[in-house]
Protein chains: 2
Amino acid sequence: MSHWISLNGSLVPDDDARISPYDRGFTLADGVFETMRAHGTEILWLESHIQRLQQGAKILGIHLWGDEIVLSSIVELLGRAEYERSAVRLTVTRGPSRQRGLWPPGEPVVPTVMVTASELPAMVPQRLVIARSTRRNQHSPLSRIKSLAYGDNLLARREALERDATDALMLNGYGNIACTTIGNIFFKLDERWTTPPLGDGVLPGLARDRLISLLNAVEYSLAEVLLPEVTAAFISNSLGCAPVTHIEGRQLKGDVDESNLLAIFA
Amino acid sequence: MSHWISLNGSLVPDDDARISPYDRGFTLADGVFETMRAHGTEILWLESHIQRLQQGAKILGIHLWGDEIVLSSIVELLGRAEYERSAVRLTVTRGPSRQRGLWPPGEPVVPTVMVTASELPAMVPQRLVIARSTRRNQHSPLSRIKSLAYGDNLLARREALERDATDALMLNGYGNIACTTIGNIFFKLDERWTTPPLGDGVLPGLARDRLISLLNAVEYSLAEVLLPEVTAAFISNSLGCAPVTHIEGRQLKGDVDESNLLAIFA
């Protein structure tokens with residue numbers, strides 16, 4: 001069965017949709033994306049997502065005027081998909097360029113804008129391990145935007161599954177915990193909710209922002225050695241939240257009031 | 001004018017070549033590539049390139065049996081292109097998967113193999129600066145393979161051009177110099193050629209290997225503070241070598257015997 005996707009503002013069956021072999025998103029991960037939660041045809045936090053996407057694009061030097069992202073085509077896509085709740089991915093790359101080499105990309109390059117939708121995945125309780133295969137690069141601005149360069153997260157995720165966990169915590173170069181491969185992390189320490197600061201190589205998650213406010217959480221750099229002090233934890237991203245039940249095999253006894261957290265997605 | 005490219009073993013005009021919007025190379029930088037030098041239809045160090053590509057693919061968990069890379073189609077491509085000397089890019093991604101999320105990718109996923117060729121670019125004498133916008137992640141195995149996740153190199157390269165340099169030296173998290181955005185770096189210190197060790201977040205360049213042997217060079221971690229001790233330098237990659245004339249505005253007085261270095265590409 002063919003699905004519809006939105007490509008450069010037009011709805012097309014995915015079997016017909018063509019990305020150029022010269023697209024710099026394909027050849028060099030030269031692009032950004034957002035993953036958004038939708039209820040019917042309504043996208044949650046849409047304005048904040050577009051803003052974050054534009055900030056990421058700016059860091060890569062991709063100039064977006066705003067009219068490249070055709071909201072009506074996203075709404076049309078969601079209308080056809082007919083999911084009650086969905087995960088919408090908006091991808092923007094610098095676009096196709098025949099010119100080889102890193103930079104400059106050659107002119108004119110027109111950004112590629114792609115939108116796909118799928119049914120909202122369930123977020124299961126998390127058994128986490130600490131990734132040993134790679135680390136988060138807190139020196140890189142890419143650690144604070146949703147760049148297409150997702151290789152380290154892929155490595156850590158694969159390691160987690162091989163170690164019979166649901167996901168991995170990623171350390172940064174300092175040995176502080178930054179995030180999981182798919183979202184931000186919150187830790188309860190001394191009855192207080194904390195989350196790693198952006199400077200530790202952390203994506204400024206939209207759910208993260210809202211949960212900091214909701215829980216009156218503090219930004220706190222957590223070194224790996226302090227993990228035994230953690231009494232409860234949960235992960236968050238723009239699609240949802242899920243409690244962490246285990247870290248490196250240790251069961252967390254503290255409760256996470258999930259329904260309270262999920263209120264931000266209402 | 002349309003060019004030919006090789007896609008999954010077949011020669012196709014680039015205007016007709018289609019990458020799936022679900023290709024994980026496009027959505028997640030889930031792939032590797034090689035850049036190779038060719039004289040006519042003959043590719044230099046072909047066996048070593050294929051070997052390095054397979055090692056990179058293995059690190060990403062992409063299983064290549066070898067027959068995905070159809071050498072006859074590369075030779076045919078080079079025959080049609082008719083360049084005397086060319087730069088050949090071989091890209092391998094995990095392939096298209098409709099399933100969202102990082103991992104597992106869903107089954108079966110068939111790798112995408114793309115080959116493009118362009119005229120061999122001239123390598124000009126280099127005026128280098130030290131990238132301040134980002135750093136190399138020596139903790140990541142991706143720093144030692146040619147992953148598609150090229151975002152940090154793009155950032156550093158763009159910074160270099162904005163600062164009126166030809167390219168940037170990339171520091172790693174320790175503050176040691178790792179490489180430039182397009183190749184390895186060699187430094188002359190106390191009349192001895194040195195190059196950063198792989199553990200500093202360095203790609204095991206094929207030219208690098210051969211130049212270490214040629215020059216009897218030693219692997220040496222160079223902290224940024226030691227740069228004033230450097231009397232000469234050059235960069236290398238699989239396409240060629242070029243002397244470094246300036247680092248952060250300081251002119252290097254030492255000579256680089258370029259014709260000696262270029263002998264490895266003969």
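Biologist: Which residues line the second largest pocket?

Modeller: A:Gly61, A:Ile62, A:His63, A:Trp65, A:Glu68, A:Arg94, A:Trp103, A:Pro105, A:Gly106, A:Glu107, A:Val109 and A:Pro111 line it. A pocket here is an open set of points on a 1 Å grid over the protein atoms alone, where a 1.4 Å probe fits, with protein on both sides within 12 Å along at least five of seven lines; lining residues have an atom within 4 Å of a point.

Biologist: What volume does that second largest pocket have?

Modeller: About 210 Å³, as the space filled by probe spheres set on the points, which are joined across faces, edges and corners.

Biologist: What does the model score?

Modeller: This is a predicted model, with ipTM 0.96 and pTM 0.96. Chain A averages a pLDDT (the predictor's confidence in each residue, from 0 to 100) of 95, and 100% of its residues score at least 70.

Biologist: New topic. How many residues has helix 4 of chain B?

Modeller: It has 12, residues 151-162. Helices are DSSP runs of H or I with at least four residues, strands are runs of E with at least two, and both are numbered from the N terminus. From first C-alpha to last, helix 4 of chain B reaches 17 Å, close to the expected 16 Å, which is 1.5 Å times one less than the number of residues.

Biologist: Why is helix 4 of chain B largely enclosed by the rest of the structure?

Modeller: Because 10 of its 12 residues are buried, including B:Leu154, B:Leu155 and B:Arg157. Buried means under 20% relative accessible area, exposed over 50%, and partly exposed in between, with a 1.4 Å probe and protein chains only.

Biologist: What do those buried residues pack against?

Modeller: In chain A, helix 1 (24-28) and helix 2 (46-60); in chain B, strand 7 (126-130), strand 8 (167-171) and strand 9 (177-180). B:Asp164 follows helix 4 of chain B and has a positive phi, near 65°.

Biologist: Where is B:Thr112?

Modeller: In strand 6 of chain B, residues 112-119. B:Thr112 is buried, at 6% relative accessible area. Leaving out residues up to four places away in sequence, its contacts (heavy atoms within 4.5 Å) include A:Phe26, B:Leu7 and B:Pro96.

Biologist: And B:Leu46, buried or partly exposed?

Modeller: B:Leu46 is partly exposed, at 24%, and belongs to helix 2 of chain B.

Note on methods:
Residues are numbered from 1 along each chain as its sequence is written. Chains are lettered from A and ligands numbered from 1 in the order in which they are written. This is a predicted model: local features need pLDDT of at least 70, side-chain atom pairs count only at pLDDT 80 or more; totals for chains, interfaces and linings use all residues. Side-chain values use heavy atoms; hydrogens and water are left out.
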